[in-house]
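Student: I have a fold open on my screen and I'd like to learn how to read it. Can you walk me through it, one feature at a time?

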Amino acid sequence: MRKKFSEEMEVPNGINCEVKDNNLSCKQGSEHVVRKIKIADTSLSVKDNKLVFTSARANKKTIASIKTTISFKNDKAKLK
């Protein structure tokens, strides 16, 4: 069943993120990382220091991909 789905991820303090053409660009001091986020029928935006994943027609696989991406990004942020 396809439904609207939205999930947010908090960006740690001191990290600035931008989204352009499905490329997530994050900066912290002199460090700069760019990652391509490609999940079917999903848009990515930055609002109030949060990454927002939104899908108008999400299915099980889309939701799983979004949650996996957020989990991976959260783990990477904790390691630094």
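Student: Which residues does L51 touch, not counting residues up to four places away in sequence?

Tutor: Bear in mind that this is a predicted model. In it, L51 touches E7, E8 and M9, then V11, C17 and L24, and also L44, S45 and V46, leaving out residues up to four places away in sequence.

Student: Which residues touch the most other members of the largest nonpolar core?

Tutor: The general idea is that in soluble globular proteins, nonpolar side chains tend to be buried together. Here the largest nonpolar core has 15 residues, and those touching the most other members are C17, L24, I37, L44, L51, F53 and I66. Two or more residues of this core come from each of β1 (3-10), β3, β6 (50-58) and α1.

Student: On to the sheet, then. What is the order of the strands in the open sheet of three?

Tutor: Strands of a sheet pair through backbone hydrogen bonds, either parallel or antiparallel. In this open sheet the order is β2-β3-β4, and the pairing is antiparallel. β2 (16-20) and β4 (31-36) are the edge strands, each pairing on one side only. On average, neighbouring strands of the sheet are turned by 15° against each other, with direction ignored.

Student: How many bridges join β2 to β3?

Tutor: Five, and β3 covers residues 23-28. The two strands form a hairpin with two residues between them. Look at D21 in the turn: its phi is positive, about 55°. Across the pair, N16 stands opposite K27, and C17 stands opposite C26.

Student: Are C17 and C26 buried or exposed?

Tutor: The cut-off for buried is under 20% relative accessible area. C17 has 15%, so C17 counts as buried. C26 has a relative accessible area of 19%, so C26 is buried too.

Student: Let me try the helix. Where is T62 found, and is T62 buried or exposed?

Tutor: T62 is in helix α1, which spans residues 60-79. T62 is buried, because its relative accessible area is 8%. A polar contact of 2.9 Å joins its side chain to that of N59. Apart from residues up to four places away in sequence, T62 touches I39, A40, T42 and S55.

Student: One last spot. Where is the place of P12?

Tutor: P12 sits in the loop between β1 and β2. With a relative accessible area of 34%, P12 is partly exposed. For a distance to check on your screen, take P12 and T69: their C-alpha atoms are separated by 16 Å, and the two residues are 57 residues apart along the chain.

Notes. Residues numbered from 1 in each chain as written. Predicted model: local features only at pLDDT ≥ 70, side-chain atom pairs only at ≥ 80, totals over all residues. Heavy atoms only, no water. Pairing = 2+ DSSP bridges. Helix = DSSP H or I, 4+ residues; strand = E, 2+ residues; numbered from the N terminus. Axes fitted to C-alpha atoms, helices over the stretch in contact; angles between N-to-C directions. Buried < 20%, exposed > 50% of the residue type's maximum accessible area, 1.4 Å probe, protein only. Polar contact = N/O pair within 3.5 Å; in protein donor to acceptor, adjacent residues only side chain to side chain. Contact = heavy atoms within 4.5 Å. Core = buried A, V, L, I, M, F, W, Y, C linked by side-chain atoms within 4.5 Å.
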